[in-house]
Amino acid sequence: MGTSSPGKAPEQVESVAIRFAGDSGDGMQLVGTQFTSTTALAGNDLATLPDFPAEIRAPAGSLAGVSGFQINFSSNPVFTAGDLLDVLVAMNPAALARNLKDLKEGGILIANSEAFNAKNLERAGYRENPLDTAVVSAYRLFKVDVTALTLASVRAFKLDHRAATRCKNFFALGLIYWLYSRSMDATVQWIERKFGDKVLGQANLAALRAGYNYGETTEMFDHAYEVRKAAITPGKYRNISGNEALALGLMAGSELSGLNLFLGSYPITPASDVLHMLSNMKALGVRTFQAEDEIAAVCACLGAAYAGALAATTTSGPGMALKAEAMGLAVMTELPMVVINVQRAGPSTGMPTKTEQADLMQAMFGRNGESPLPVLAARTPGDCFHAAIEAARIAVTYMTPVVLLTDGYLANGAEPWPVPNIDAMPRFPVSFRTDTEGFKPYLRDASLARPWAIPGTPGLEHRVGGLEKDNGTGNISYDGANHEAMCRLRAEKVARVADSLPPTVVEGAQEGDLLVLGWGSTYGSISGGIHKVAARNLKIGHVQLQHINPLPKDLEHIMKRFRRVMVPELNLGQLAMILRARFPETTIHSHTKIQGLPFRENDIAKAIIQLLETN
């Protein structure tokens, strides 16, 4: 285990990936979040990957109940939550069994030795204690009796055994704080705010400090480590998750459009946090409605849009299917609405706490009839803020429902985020129709949007509904030629969104060997993968699509500048299928993964090399 050198200077390292893993009741998400906040305050770039079970409470110590939180932090730019781990904290045998494969050879393994008892070993499928076998011989193993040390540190507070044991996550956090030279101040302040002067808060503080002191005073670790600040553009930053950024983005869209924000939603993993956050913003004029189901939520949203609000609804996976009919009604009534789908692994309820990008086809075509609508995707947790604003802009400008796709990786992941100056952002103010002269509810402006006339406005009384509208008057029409004309008008309106899009940004090479074309949360993995093959002097460009329907007008020209186009997706090739249909003369190489986890950077690097060496 090395020799003790408590006064030895920390070793400087550039990047570290740590995963806290334990039973779902061990508080791994909590300590991961605290370590993330402290790391952000320390000035590192970072990315996180919470990974937890869907079962409300799997049996304690079982493989099904393992919960993990991974953070990758560095003094250099960070693209993802990391590939292989430098440190694994395993609170029980099941956590070890689930996660050991991801620990790099020579990596640090901290195991809560007390938890490796006969009962837990059996639940994890071990016939003998792996800590005493060759299973862990490739790693730097540190057996720490976290449970016993925690109980000793909190004995003075006279908690019952269960409450005292639950403090062990803070002991582990304190130990990692020492190992990576972190200040405990932010977590101490959080505990004091959370618990006040309650005994449990004092016990958690004692466990945290005991873990830190254990690292500092024992001879177990040779030395600590330190990751210096990243070279980040000066400014005001905060740590933000994708769901938090979505909520703030909707509020910003409300401010920039001059409309009141209404969110109608039904709780569903992993989208619920948006409703949670916005429900606390009533004092800022935000109105939220927790409906009895997905259909009621989207219909309430549609009603709010009819009444003149910036209307949004959030959902995930199967909830999107339930909203489909009302989304078609929004297409027919031509009312603006933002539908946010935080994708998860499906079909049906699938793996609800795992990430996936398999709802793209549903967003594009999952409604009856010809019902096109704009589809956008966010690329990073912080980008969810800007994507929400863009979705609001398109919705109210073109009077159309808009689908914004994120996923579980973005929703729960976090990164440092430069707080934007909303006063410097372009506004898109809405003007409701008030002039009765020449008013017809389905007349159109240059963008083919119909007028937005709030119900109750004298002289502007009109009907909306799901039956086909006569072009111009909006009266119900069964005329076949009118129906075809209206279908083409609605499709053309969506297509004209492309006129308002800025030139597509190509990162890296502007022409050459390969264009990697991604969408959504694969941005970091693709960027990191391309970075890993940079030494080969290949001409590789990278485009990450935000607008998927309509596609940017310059995309075909960009693809033609490269000899090959590769499309990585966390599905079985849905964007690749769309591109092949749209651009049949371009050869699209699809690279897919559908395991409930994001791509690793090495996945992308390996695919790039393999494609370029075999074609």
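A residue counts as buried when its relative accessible area is under 20%. In this predicted model, I604 has a relative accessible area of 0%, and therefore it is buried. I604 belongs to helix α21, which covers residues 601–614. Leaving aside neighbours within four places in sequence, I604 is in contact with S525, I526, G529, P568, H591 and F599.

Strand β2, made of residues 15–23, is mostly covered, since eight of its nine residues are buried. This strand has two partners. With β4 it pairs in the antiparallel sense over nine bridges, and in that pairing G22 stands opposite S67 of β4. With strand β5 (residues 85–90) it pairs in the parallel sense over four bridges, and here I18 stands opposite V87 of β5.

Strand β3, residues 45–51, is also mostly covered, with six of its seven residues buried. It runs antiparallel to strand β4 (residues 66–74), and seven bridges join the two.

In soluble globular proteins, nonpolar side chains tend to be buried together. The largest nonpolar core in this model has 97 residues, and those with the most contacts inside it are L250, L278, L360, V375, V403, L517 and L579. Helix α15, residues 383–398, gives the most to this core, with eleven residues. A second, separate core has 46 residues, among them V89, V146, A203 and Y212.

What does L250 touch, once its neighbours within four places in sequence are left aside? L250 is in contact with L261, V274, L278, L310, A312, V338, I340 and A388.

## Cavities inside the model

A search of the whole structure finds two cavities of 30 Å³ or more. The largest cavity holds about 90 Å³ of space. Its lining is made by 13 residues, of which L49, P50, T353, K354 and T355 lie nearest its centre. Two elements, β3 and α16 (408–412), are those that give two or more residues to this lining.

C384 illustrates the point, for the nearest cysteine sulfur, that of C301, is 18 Å away. C384 has a relative accessible area of 1%, so it is buried. C487 counts as buried too, because its relative accessibility is 15%.

## Cis peptide bonds and positive phi values

Most residues other than glycine have a negative phi, and most peptide bonds are trans. Against that background, a few places in the model deserve a careful look. The peptide bond from T269 to P270 is cis, with omega near 0 degrees, and P270 is found in the loop between β10 (261–265) and α10. The peptide bond from N549 to P550 is cis as well, with omega near -5 degrees, and P550 lies in the loop between β20 (547–549) and α19 (555–560).

Phi is positive, near 55 degrees, in S181, and it is also near 55 degrees in N537. S181 sits in the loop between α6 (168–179) and α7 (185–195), whereas N537 lies in the loop between α18 (523–532) and β19 (540–545). S181 is partly exposed because its relative accessible area is 30%, while N537, with a relative accessible area of 68%, is therefore exposed.

## Two further buried residues

Is S272 buried or exposed? At 15% relative accessibility, S272 counts as buried. This residue is placed in helix α10, residues 272–278. The C-alpha atoms of S272 and T314 are separated by 7.7 Å, although the two residues are 42 places apart along the chain.

T457 lies in the loop between β16 (414–418) and α17 (480–495), and because its relative accessibility is 17%, it counts as buried. Not counting residues up to four places away in sequence, T457 touches R433 and T434.

Terms used: Residues numbered from 1 in each chain as written. Predicted model: local features only at pLDDT ≥ 70, side-chain atom pairs only at ≥ 80, totals over all residues. Heavy atoms only, no water. Disulfide = S-S within 2.5 Å. Buried < 20%, exposed > 50% of the residue type's maximum accessible area, 1.4 Å probe, protein only. Pairing = 2+ DSSP bridges. Core = buried A, V, L, I, M, F, W, Y, C linked by side-chain atoms within 4.5 Å. Contact = heavy atoms within 4.5 Å. 1 Å grid on protein atoms, 1.4 Å probe; cavity = no way out; pocket = protein on both sides within 12 Å on 5 of 7 lines; lining within 4 Å. Points joined across faces, edges and corners; volume = space filled by probe spheres on them.
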